[in-house]
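Visitor: I've never seen this one before. Could you show it to me and walk me through a few parts?

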Amino acid sequence: MLNVSQLSCERDHRLLFENLEFSVAPGEVLWIEGSNGAGKTTLLRILSGLYTDYTGQVNWDLPQLPIYLGHKPGVKDLLSARENLNWLASMQQAPVAATAIDAALAKVGLRGFEDVLCGAMSEGQRKRVNLARLYLLDSVAWVLDEPFSAIDVAGIKSLEQRMGEHLDAGGLIILISHQRLALPHAIRSLRLGA
Amino acid sequence: MNLFMTVVRRELLIAYRNAADLLNPLLFFVIVISLFPLGISPSESVLRQVGPGIIWVAALLSTLLSMDLLFRSDYDDGSLEQMTFSHEPFLLLVLGKITSHWLVTGLPLTLLSPLLALMLFMNETGAKALFLSLLIGTPVLSLLGAIGASLTVGLRKGGLLIAVLILPLFVPVLILATAMVQTGMQAGNYTGHMLWLGAILALSTGFAPLATAFGVKISLSN
């Protein structure tokens with residue numbers, strides 16, 4: 001559950017947004033849209049606690065930390081897919097079994113790439129390594145900054161399917177995306193800079 | 001504590017795969033020291049006098065050279081922001097990173113020092129004091145350097161700024177350590193110096209990771 005009230009943010013003498021009020025409940029999606037430079041990423045960084053130069057209240061009520069997927073890939077070039085995912089998972093919660101990691105990688109279409117260094121992968125594959133966390137960890141909240149960029153059509157489809165499962169299980173998703181979600185669930189949309 | 005070991009293991013693995021970046025500061029250390037006999041004088045009496053200072057200044061500069069590596073790549077690829085979403089305190093991750101930084105920079109430098117002491121005509125007791133001073137002193141350099149690295153990681157050109165921020169903080173360590181080696185060379189008792197260095201190490205172990213964790217948060221919030 002997320003509650004936001006009176007949220008305003010000014011950056012470089014430019015007002016990005018003012019007095020935002022919204023809440024996201026389990027089973028809901030908050031879809032943040034807006035043109036380039038409207039402050040979508042800044043809002044997401046505020047919600048995930050990375051950016052602190054704002055006024056207003058952001059209240060999370062969560063049993064675990066959210067899964068945050070930012071602009072940057074978040075994987076290390078010098079580590080293999082398996083090592084990267086293992087690291088990301090053990091940092092976020094208790095260590096996970098090796099078989100679970102391989103299974104999660106297989107689900108994002110990286111079977112056979114477990115031992116490949118991420119530096120040798122394509123942009124989309126690197127993103128998939130990070131997205132594999134969505135199959136591996138049990139976190140209620142997902143905070144995703146353009147999760148579909150650099151992902152192919154089939155990948156987008158399976159990711160949407162995973163999002164659907166997550167929502168059915170009582171999870172909540174906050175995402176920035178330039179494309180509309182093909183999900184039957186309640187999608188709350190927030191337009192910035194309008 | 002489990003996570004601490006995980007961080008150290010991860011950092012060492014990355015360091016191992018990125019060996020060139022790690023060898024650079026160590027090579028720099030050796031080369032700078034070997035330039036002094038050529039530049040000043042190869043005579044035994046001169047080198048014996050300036051030796052401790054040369055080795056320690058070279059250690060400071062080589063630590064400084066490696067300091068930018070501590071957070072730079074993690075910042076660039078987004079690993080650093082992922083680290084703030086950890087179930088254990090961020091402080092622990094920072095401490096793990098600093099520890100592994102010392103293991104791959106300060107420790108090799110310390111282990112190499114007896115050889116360099118020999119090159120600069122230090123006697124046996126002096127070489128021993130040098131080794132001990134580096135063993136206690138280089139972790140302090142890593143700890144204090146991390147503060148500067150954390151504050152400058154968000155800047156494009158942080159390299160020089162780190163030097164300005166951090167070198168003044170290294171001064172007490174430099175003074176104590178070189179005095180300790182000088183005393184050692186005259187076969188004197190340097191327990192006092194060692195205890196002072198140890199006190200600085202204890203103090204910076206307590207506070208530096210805290211400051212570094214704050215610094216990283218500030219750098220990420222840009």
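Guide: Helices (H or I, at least four residues) and strands (E, at least two) are DSSP runs, numbered from the N terminus. This is a predicted model, where local features need pLDDT of at least 70, side-chain atom pairs count only at pLDDT 80 or more, and totals for chains, interfaces and linings use all residues. Residues are numbered from 1 along each chain as its sequence is written, and chains are lettered from A and ligands numbered from 1 in the order in which they are written.

Visitor: In the hairpin of β1(A) and β2(A), which residue takes a positive phi?

Guide: Strands pair if DSSP finds at least two bridges between them. Here β1 (residues 2-11) and β2 (residues 14-24) of chain A run antiparallel over 7 bridges, with Asn3(A) bridged to Ser23(A). The hairpin has 2 residues between its strands, and the one with a positive phi, near 50 degrees, is Asp12(A).

Visitor: How many residues does the contact take from chain B?

Guide: Residues count as in contact if their C-beta atoms, placed from the backbone, lie within 7 Å. On the chain A side there are 21 residues, and helix α2 (residues 81-92) of chain A gives the largest share of them, 5 residues. From chain B, the contact takes 18 residues.

How values were computed:
Two residues are in contact if their C-beta atoms, placed from the backbone, lie within 7 Å.
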